Amino acid sequence: MRGMHPRRAMGRVVFLLAVLTTFTVFGWGASAKNVILLIADGAGFNAFHCSSYFEYGQLGKQPYDAFAVRLGCTTNPFEAPLYDPAKSWSDFKSQRSKATDSAAAATALYTGVKTENKRISTGPDKKPLTTIAEIAHGLGKSAGIVSSVPFSHATPGAVFAHNEDRKNTDQIAEEIVYRSSLAVVFSPGHPRYDSNGKKLPHDKWKDSYCPEEVYQALVEGTTGRGWTFMDSKRAMEALAADPRPEPNRVFGLAKSASTLQYDREGKKQGRLNGNVPTLETMSLAALNVLNKDEDGFFLMIEGGAVDWANHGNNLDRMVEEFADFNKTIASIMNWLDQRGLTRDTLVIVTSDHECGQIWGPDAGEKSKTPFDLPKSRGKGKLPDAKHYATGHTNVLVPLYATGPGSEFFHALVDGVDTHAARAWQFSGQYVDNTDVFTVMKAAIVP
Ligand SMILES: [Zn+2]
């Protein structure tokens, strides 16, 4: 609480009262059995809207557009000032200063603590922090990570690993494989394949995301941690179709060095890598394994390559990556519905930060219309939008939530951004990324 903004402190008091009232009036213990957190890495409102324009030609058709909770979310890291709507909407350039990286943002989302950039679920003092996945595990639940980028990358890594620097991917990989209690991991980052899904000759094996010894131990089944290893698309598809699969602990490594699709040859959509599963397939496979746990589960799913495409200012492949992310959410909502789990599951869809400073064609600090918005060119066509940066920005990201506990977000609102409300068609109310942890925890801890 130290150094907390008064409005935030007030938000906390209101929030605690709300929780207490809920407990006393309804006698609820933990309200959510399961939590699914979906992160479109590097995606602000404009990226979300570009994906909708591409897929539907209009807004409002995504599964999360119907969620009860639709808010903005601030993403500043420990070392940066709080989000200032007045500044953000009067100074286009200021949006590019002191933005978070994915490590500090992931730490905030999973632990509720603001930390410095580069930290993986460790504080500014470099000490390890307890993550929501660890809390879920402590309650007897199973936990998992799924990503379209390697499991040792910042966003998936920070779910269970703790490290002072995201660049230590070998240590992060070792912690996940040997010391975490994750039940499922699905991601690319395969040391034997390139990013086109082609097998590498021996002298080109790359272990930047998964150290050679760790890979060998996974394949040979000698980690001592009970992992069932798989890397074939077919095996993952079988798991996605099997409601009660045999293995209890699965490590699925898709056959690509870096991303499922984004990093392949070319700059345009189409001609996909054929030997890797989709994010949707990996997510359903993960859910089927996790759902064997009668105590429930926590699952983080990341559309990680959305960020990579925005760094590359590649709108074409950004909407391609986003479509897989959106399809994944639609399938998950169906999966929950078919199993009668919708009312037991808190689902949160958000981003860790904006990337690429996407705005309309006539935006920019030198323009008369600096905050020109992206425009639809119709379904299946790239929207009229442009990147104005190659890195991250500090603008608000969207946050959608549904299911038990999601209403707690309303007690944590920090402010109202009236410009954002007009531009992006929501209340303009925003919470902070640390509130995602607070709400998830309140939803599962009795
Ligand atoms: Zn990034």
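**Exercise 1.** Determine how helix α2 (residues 45-56) and helix α12 (residues 315-338) pack.

*Solution.* Step 1: the axes of α2 and α12 are 9 Å apart and the angle is about 85 degrees. Axes are lines fitted to C-alpha atoms, for helices over the stretch in contact, and angles run from 0 to 180 degrees between N-to-C directions. Helices (H or I, at least four residues) and strands (E, at least two) are DSSP runs, numbered from the N terminus.

Step 1: α2 is therefore roughly perpendicular to α12. The classes are roughly parallel under 35 degrees, roughly antiparallel over 145, roughly perpendicular from 65 to 115, and oblique for the rest.

Step 2: from α2, Ala47, Cys50, Ser51, Phe54 and Glu55 meet residues of α12 that include Leu315, Met318 and Phe322. Contact requires C-beta atoms, placed from the backbone, within 7 Å.

Step 3: this contact has 8 nonpolar, 2 polar and 1 charged residues. Ala, Val, Leu, Ile, Met, Phe, Trp, Tyr, Cys and Pro count as nonpolar, Asp, Glu, Lys and Arg as charged, and the others, Gly among them, as polar.

A note on the source: this is a predicted model, in which local features need pLDDT of at least 70 and side-chain atom pairs count only at pLDDT 80 or more, while totals for chains, interfaces and linings use all residues. Residues are numbered from 1 along each chain as its sequence is written.

**Exercise 2.** Classify the angle between α9 (residues 233-241) and α10 (residues 279-290).

*Solution.* Step 1: the two axes, of α9 and α10, come within 7 Å and cross at roughly 55 degrees. Step 2: α9 and α10 are therefore oblique to each other. Step 3: among the contact residues are Met236 and Leu239 of α9 and Met282 and Val289 of α10. Step 4: the contact of α9 with α10 divides into 7 nonpolar, 2 polar and 1 charged residues.

**Exercise 3.** Identify the edge strands of the open sheet.

*Solution.* Step 1: the order of the 11 strands is β5-β6-β4-β3-β7-β1-β8-β13-β2-β15-β14, with mixed pairing (two strands pair if DSSP finds at least two bridges between them). Step 2: β5 (228-230) and β14 (415-416) each have a single partner strand, so one side of each lacks a neighbour in the sheet. Step 3: within the sheet order, β1 (residues 34-40) and β8 (residues 345-350) pair in the parallel sense over 6 bridges, and Val35 stands opposite Leu346 in β8.

Terms used: Contact = placed C-beta atoms within 7 Å.
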